[in-house]
Amino acid sequence: MRKILGLSRLPVMIEAPGLLASAVSRWGDDPFARGSWSLIGRDGTPQDRITLGTPVGDRLRIAGEATHPTRAGMTHGAYEQGVAAGTWAAGLGHRRVAVVGAGMAGLGAARALAGHGVETMVWEARDRIGGRTCGVEVGGFTFDLGANWLQQYDDNVLARLAERIGLTVVATDFTDPLVLGPARGPVPEGLEGELRARLEKAPPQAAVADVLESWLRHPAPFPAAAIRELVDAEIVMDSGAPLSWLSARHGFEPGVGEGDRWIVGGYRLLTEHLAGGVDVRLGHPVRRIGIGPHGVTLTGDGRTLDADAVIVTVPLPVLAAGGIAIEPALPEEHRAALGRLGAGRVEKVVLRFGDRFWPVHPAGYYRVHGPGENEICEWLDATAADGTPTLVGLFAGPWLDRLWQGSDSDVAARCAAVFTEALP
């Protein structure tokens with residue numbers, strides 16, 4: 001691999017052996033994602049998720065992880081909302097339904113509709129299915145550049161599907177990462193409980209940054225550095241959003257660390273199974289949805305599709321940015337909900353090495369705090385996939401603007417240096 005120096009500015013690269021193969025995500029730049037997963041902003045509440053998923057008349061419904069009140073940001077939440085939307089459309093007697101997007105929600109909707117005998121067509125803008133699940137081959141094996149874990153495993157419909165089709169899954173313990181870098185003591189007893197209590201008691205329109213700023217004026221009995229590091233680990237890493245925007249009361253949503261397991265071979269094994277028998281048209285972006293008294297019309301790149309109803313499953317930031325024109329416009333309550341929700345940016349890198357050079361840790365999970373405020377990354381040891389030494393890193397915070405410059409190989413080298421330079 002290449003050793004990187006000077007992370008406070010654009011790094012200088014020095015060649016060194018070891019890195020065999022790599023892959024890098026670009027979710028922040030992806031026009032069909034515009035970020036990672038949905039989050040609640042300082043003016044929002046979970047009710048905004050419910051509002052966004054409420055049907056618009058009897059011909060349009062928005063579905064996806066952003067509309068799930070208790071499983072937001074998770075693949076099974078997206079799938080459940082897709083199934084609910086498909087069941088809704090079938091229950092209204094629609095015989096021909098269009099689905100926009102072939103991610104987990106779109107595939108869930110299509111399968112539910114097919115189960116009710118409804119003619120269904122899925123238009124997908126990308127040249128692949130899966131949405132923000134994205135399997136890529138790295139050094140002869142498939143890894144996820146998007147969603148990685150089956151979360152809330154014991155109550156996860158996709159986990160049950162993975163079991164039925166015989167997929168191999170590996171547990172990850174997020175509660176006990178090995179923290180690399182400068183010596184840090186354990187999280188002080190009671191600190192996480194105090195953080196949660198302060199967030200829950202915050203004013204309705206407060207952001208996480210407001211709570212943190214007030215707390216740090218009088219941090220005792222906790223060290224200020226410990227408070228900042230806990231916020232970075234528990235909130236910045238899990239959201240990738242500016243703390244000045246993220247809701248104090250509702251930005252700390254459940255999900256991570258509830259029996260999480262990753263799929264050996266990647267989510268692609270699930271999405272390909274779910275897409276079996278589904279009519280998916282790849283490379284079919286939707287630019288406009290027209291809703292009339294007798295049906296809907298999808299328009300995109302010289303193509304049109306008429307149907308009785310449409311289920312829209314594109315990521316929330318794409319909708320919020322007007323990526324699809326909906327006519328007539330969404331009701332005011334839906335537009336207001338869109339304005340109070342958003343998405344952060346968490347990027348991922350997969351690194352394959354010739355030799356293992358990092359310490360074995362029972363949890364197979366590592367954390368590195370960056371040099372700047374709110375800069376953090378966490379690493380999964382994915383060597384169990386096929387025995388080749390492999391690290392999967394997730395990065396969040398301001399340093400993404402520096403680390404993610406240049407080619408994918410440049411990014412991979414910088415990220416590898418962040419990990420190796422933190423080793424004892």
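This briefing describes the nonpolar cores of the structure and one of its sheets. The model is a predicted one, and its largest nonpolar core has 49 residues, while a second, separate core has 27 residues. The sheet described here is open and has five strands with parallel pairing.

**The largest core**

- Within this core of 49 residues, the residues with the most contacts inside it are Leu195, Leu199 and Ile235.
- Several helices and strands each supply at least two residues of this core, including the helices α5 (191-200), α6 (208-217) and α7 (224-239) and the strands β3 (19-24) and β24 (390-396).
- The largest share comes from α7, which gives eight residues to this core.
- Ile235 touches Leu195 and Leu199, and among its other partners are Val208, Leu230, Leu243 and Phe252, when residues up to four places away in sequence are not counted.
- As a general background, nonpolar side chains tend to be buried together in soluble globular proteins.

**The second core**

- The separate core of 27 residues includes Met121, Val310, Val318 and Leu338.

**The open sheet**

- The strands follow the order β5-β18-β6-β7-β14, and the edge strands, β5 (60-62) and β14 (280-281), each pair on one side only.
- Strand β5 is joined by three bridges to β18 (residues 309-312), and these two strands run parallel.
- Leu60 stands opposite Val310 in β18, and Val310 is also one of the residues of the second core.
- Helix α2 (residues 75-91) packs on the sheet, where the helix touches β5, β6 (96-100) and β18, and its direction makes about 170° with that of β5.

How values were computed
Residues numbered from 1 in each chain as written. Predicted model: local features only at pLDDT ≥ 70, side-chain atom pairs only at ≥ 80, totals over all residues. Heavy atoms only, no water. Core = buried A, V, L, I, M, F, W, Y, C linked by side-chain atoms within 4.5 Å. Buried < 20%, exposed > 50% of the residue type's maximum accessible area, 1.4 Å probe, protein only. Helix = DSSP H or I, 4+ residues; strand = E, 2+ residues; numbered from the N terminus. Contact = heavy atoms within 4.5 Å. Pairing = 2+ DSSP bridges. Axes fitted to C-alpha atoms, helices over the stretch in contact; angles between N-to-C directions.
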